[in-house]
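This report describes a protein chain and its ligand, taking up a helix, the domains, the ligand shell and some backbone features in turn.

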Amino acid sequence: MRLYQFDLAPASRRVTSFLKETGIKVPIVQLNVRDGDQFEEPFSSLNPFHCIPFLELENGTTISESVAICRFLEETNNTSKKLFGKNSQERAIIEMWNRRLEIDGYVPLINGIRNKFERYKGKVLPGTRNDLPQVPEIAKRGIESCRILFERLNVHLNTTTNVAGDALSIADITGYEVVQLAIALEMKLDEFEEIKAWHEKLERRFKLDE
Ligand SMILES: N[C@@H](CCC(=O)N[C@@H](CS)C(=O)NCC(=O)O)C(=O)O
């Protein structure tokens, strides 16, 4: 089994944080997606979506999508920490928050970053190289979508230790990356005291070693 990663990429960092938290060990191969390693063989055929992370299994199957990878690793390793929940209700609440954070925060902000910063020119959609123009308005909309999410989330975090309950879950890992993306897009966070405290707590756990 091999996990293909690029440490600086948000989707990869979600898997790195999951591995850190659960203690699961997987052999890792670094692909530099900035240099375009994902378009070279054998990586291009292994994952035709041309994105990292992806997991290559011994039987030749490839699993892409960070959350699918984490779910597979949790189910196939007997770890005491269950970041996807221990019963039906926990699993549903965790999925609910994870999807909310992805749909209203992570995806709009990633689209915003790719449409705003010069370094993503020609790379507007993940896993592509083409002449699709950047549209700065998408960054503004991304921030607005995330601001509405944060207004709701800030109230919710008053009532709970972690986003989907007492135990830390995959939804907190997604949430940490959402706040990191919001900071990268220079979103104003002053009014979101609960989110800032939650992010600081997660930062102590998941900040990349320099
Ligand atoms: N939804 C996917 C996102 C994967 C993705 O977009 N990965 C980016 C890095 S964050 C990538 O590999 N980009 C390569 C490129 O755009 O060329 C996941 O969570 O795994």
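What covers the buried residues of α7? The cover includes α5 (136-156) and α6 (170-184); helices here are DSSP runs (H or I, at least four residues) and strands are DSSP runs (E, at least two), both numbered from the N terminus.

## Basis of the description

The model is a predicted one, in which local features need pLDDT of at least 70 and side-chain atom pairs count only at pLDDT 80 or more, while totals for chains, interfaces and linings use all residues. Residues are numbered from 1 along each chain as its sequence is written.

## Helix α7

Helix α7 comprises 14 residues (residues 193-206), and the span from its first C-alpha to its last is 20 Å, close to the 20 Å expected at 1.5 Å a residue, where the expected span is 1.5 Å times one less than the number of residues.

The buried residues of α7 are Ile195, Trp198 and Leu202. Seen down the helix axis, the buried residues of α7 fall within an arc of 65 degrees, so they line one face of the helix; the arc is that of the directions from the helix axis to the C-beta atoms. The face turned away from this buried side carries the exposed residues Glu193, Ala197, Glu200, Glu203 and Arg204. A residue counts as buried if 20 or more other C-beta atoms lie within 10 Å of its own, as exposed if 12 or fewer do, and as partly exposed in between, with C-beta atoms placed from the backbone.

The protein chain is divided into domain 1 (2-76) and domain 2 (88-206), with bounds that come from an automatic or database domain assignment. The C-alpha centres of domain 1 and domain 2 lie 20 Å apart, and 12 residues of domain 1 are in contact with 12 residues of domain 2, contact being defined by C-beta atoms, placed from the backbone, that lie within 7 Å.

On the side of domain 1 that touches domain 2, the elements giving two or more residues are α1 (10-22) and α3, and α1 gives the most, with seven residues. By class, this side of domain 1 has six nonpolar, two polar and four charged residues; Ala, Val, Leu, Ile, Met, Phe, Trp, Tyr, Cys and Pro count as nonpolar, Asp, Glu, Lys and Arg as charged, and the others, Gly among them, as polar.

## The ligand shell

Both domain 1 (2-76) and domain 2 (88-206) give residues to the shell around the ligand, so the ligand lies between them. Of the 14 residues around the ligand, Ala9, Ala11, Cys51, Ser66 and Pro126 come nearest, a residue being near if its C-beta atom, placed from the backbone, lies within 6 Å. The residues of this shell divide into eight nonpolar, four polar and two charged.

## Backbone features in loops

Most residues other than glycine have a negative phi, and most peptide bonds are trans.

His50 is partly exposed, with 18 other C-beta atoms within 10 Å. Glu65, in the loop between β4 (62-64) and α3 (66-76), likewise has a positive phi, of about 80 degrees, although it is not a glycine, and Glu65 is partly exposed, with 15 other C-beta atoms within 10 Å.

Conventions: Two residues are in contact if their C-beta atoms, placed from the backbone, lie within 7 Å.
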